[in-house]
Amino acid sequence: MKKFLLLLSFFLTTCFVFSQTKITGTAKDQRGRKLIAASIALKNSYDGAVTDSLGNFSFKTFEKGVFVIEAKMTDHKTVEQNITIGKEPIVLEFILKEEVSELKAVTVTAGSFEAGDKKRASTVLSSLDIVTTANANADITSAVKTLPGAQQVGEQEGLFVRGGAGYETKQFIDGTYVNNPFFSGAQDIATRGRFSPFLFKGTVFSTGGYSALYGQALSSALILESIDLPERSEVDASISSVFVGVGAQQLSKNKKSSYGFNYGYTNVGLYFNLIKQKPDYFTVPAFHSLEGNFRFKTKKGMVKFYSSFNSQELGLRRPNIDDENLKNAFGLKNTNLYNNISWKENLGNGWKMNWAGSFSTNKDDIFSQIQDQNNQHQFTGLSYIDNNNFTLLQTQNVSQIKSVFEKRLQGISVLRFGSEYWHSYTKAKYSTYSSTLNDDFVAGFAETDLYITNGLAAKIGARLEHSSIINKWNVAPRISFAYKTGKDAQMSFAYGDFYQKPENIYLYTTKNFDYTKATHFIANYSKIDATHTFRVEAFYKKYQNLVKTYPNYNNDGNGYAQGIELFWRDKKTFKNVDYWFSYSYLDTKRDFNNYPTELQPTFAANHTASLVAKRFVLKWKTGFNFTYSYATGRPYYNFQNPSGTKYEIKDMGKTIDYNTLSFSVNYLPNLGKQNTKTFIVWVLSATNILNQNQIFGYNYSYNGNIKQAITPPAQQFFFLGCFISWGVDRSQDAINNNL
Amino acid sequence: MKKVIILSFVLVNTMFAAFSQNEKFTAAMTATLEQMKAAKTSEETADVAAKFERIAEAEKRQWLPYYYAALIKARMAFEAKDKDKAADEATALLDKAAAIEKDNSEIFCVRATICYAHMMVDPMTRWMQYGADATKNLDAAMKVDTTNPRPIILKANSLKNTPEQFGGGCATAKPLAEKAAKLLADFKPASSLHPIWGKESIDEILESCK
């Protein structure tokens, strides 16, 4: 009864003493477009409404007096307004400015393929994609070769991008340059990259026009960002036809730090016994690799340390091209130590800091000999044959520090600036000649990402560099724009100057060089949604000051590259099938090295295409992956200098087209098993399953009368491996700690 | 005497004010819960979520309106174009609920739902992370309240949508749904405003797993 009375009086006071006031109005954005589902709330009351499909709202309230009324909506700035509620109806108009948000805003995509960023659904390649791309055998560079812009060069390691040589592509890990990203190898045989794709959470493959934060790469940059803390502690083991490995990762209980190590031993001896190789290996290629890492969270950031040590050896004999009774023997021992430390910190107040340091040392101990049929060392007295009798001891050290500061400007616009310093030291002993190169390289850079609206963004930057070895400065401007043209669609444009100092091999002879230079112009259109990616990109590049080696070493070379590229990825049309297709058209010529004139370089094919398809069959817990790559023939030349004053083309031609179809199978027997702590992946892969002939170019005898095709050591590569990880699940600890 | 009268008058008045505030909350919550049950279209659902959010922001010390607003937003995230963004909005509301009511089984359940929404953006690459996070939250939900049927319902639902080869399907989902049905029958909510949902989901699983 009492309750009833109270309720009654409550209703009386609210209903009769005061009457309701009607509040109506509209919500629009700054351009006058009506906003649907904007939330209107009379603060400190329960009253409010949501705008309808016309952007209108209406509600009634018993409240009286001065109130704050708020309008808010996703991706828009919340607006508040003071109102005095009396008896009269109130009509309001809210204007909510659209906020530039990282997810909605256009991003400058000209020239770059971003991969592995978890926040964006529309990434091009994740680390899982890299390991499940047939033909790549979990090698980052090989997987990247299925993207447009990259050439199918099989006789040398490296990425040959848009008419650029392999050494014009540089790799960066957590901001710093990696000096020897590939294993050392013999001439005409490509080697793998040293780093596993699982080390990285993000990969950006830039085929041009990249950020002012990076330099000394004329054609392309492969920017790798290492993973943060692992998701759990685990112990791993692997065994395969060519290697064995063990490793462990320990994630601390509070999930703030981790450490781990991996050891692997690769020996292809057993495999080479089964699968015939063309060269005669007297030292079977073998590697030891040891890696360690630790990572910890700081107050508002993270410190990461990674170190790897590799040692390898190999030795092989191939027939001598000038004298069929002789052989060329080549032996290599290499050790490589790589260390990288990086520190990211959010300094507050819109400031971020990114500090990185790295140190690497690489030692090559090489011998090359002319041998007879009994494998005895020979001197012929003919200089063009005896040139192959040498030893080379080379040490390369690179130390770097780099700091980048970032200040958030209005909205999500940022200003970045910083500097870097590299010291490189190279000491080589070529038979009896010794030489040393020292370079102190400094660079300063600044760049700003301006988000003018969600539909228009610009990246403007510049870079200033000085290299002590050639004692030259350069200033490289970089500008790019992105403009949203429609739903999920945008256009980007990029322009930039790129400088690279000449390779050490030339600097041994003279230091009287300038930077080699490339100017990039790129236009790009892309349409990307969660399951499809479509890109088309056109580019023009001008090369200046390329290194010429004849008649003397100078910077008189030049060239150009232009082309158009397509990329299409589709995860939806065919059920459970994910495929991508890339096509590159390239028109390029350059005059460099001992080229007598401007020619299409030997590493450039006019047309390159790849089709990668993956299908996972749940029923069998098995993934099937196919890669088909095609490239038109590449040019080859024989330059002769009969007069002693000028190189001439004595012979030239184009190789046969390059075709390779590869497949791999991943079988995950424990997939989906409840409560299992063991995770197993079986991998079976084969490259070039149709056994098509591959010719990468030709080597000529000294007199030019004999030509020999450059082919891979074996047409095909087969791999069978088993990877096991035992996870130490900390979820129980996490629950206990939470409670 | 006069003092006593004034004092009692003041007392009654403040009590009345407090009581009416509580009544007002209960009445508004009850009405909004009814509206939630009746909501059919996505507009109606969004309207209910906004209403819960307004109540939550006016009250500040009640976790339930934040909880319901987060629950609805989490469910809406599955249909949203930008699932990550919608799920993040749900998380923001749920964090406010969790700041008021610590280690609540129901809140863990919504956390798990949000994880599933994130996972649906790209299940193939995200199940390792978000699937595990969801399981973690459901395990926590079961641990804090063994009588709560809702974590079991969510688990059953997730299993039903998991391929048999991955240890899902009716074979594993059905027994859980049956267990959840029993728990739900015995479940006594702390008040008429506390969560009692789940019967429809159970029926749906049992229906499709006949």
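## Close-ups of chain A

**View 1. A nonpolar patch on the surface of chain A.** Patch members have over 30% relative accessible area and no salt bridge, with nonpolar side chains (Val, Leu, Ile, Met, Phe, Trp, Tyr) joined within 5 Å; a salt bridge puts a side-chain nitrogen of Lys or Arg within 4 Å of a carboxyl oxygen of Asp or Glu. Areas are Shrake-Rupley values with a 1.4 Å probe. Strands β18 (327–348) and β24 (472–486) each give two or more residues to the patch.

The model is predicted, with local features needing pLDDT of at least 70 and side-chain atom pairs 80 or more, while totals use all residues. Residues count from 1 along each chain, chains are lettered from A, and side-chain values use heavy atoms, without hydrogens and water.

View 2. A:Val442 is partly exposed because its relative accessible area is 34%, between the buried limit (under 20%) and the exposed one (over 50%).

View 3. Chain A has 7 helices and 38 strands, and its C-alpha atoms fill a box of roughly 120 × 55 × 45 Å along the principal axes. Of its 739 residues, 52% are buried. Chain A exposes about 33,500 Å², with 58% coming from carbon and sulfur atoms.

Notes:
Helix = DSSP H or I, 4+ residues; strand = E, 2+ residues; numbered from the N terminus. Buried < 20%, exposed > 50% of the residue type's maximum accessible area, 1.4 Å probe, protein only. Patch = residues over 30% accessible without salt bridge, like charges linked within 9 Å, V, L, I, M, F, W, Y side chains within 5 Å.
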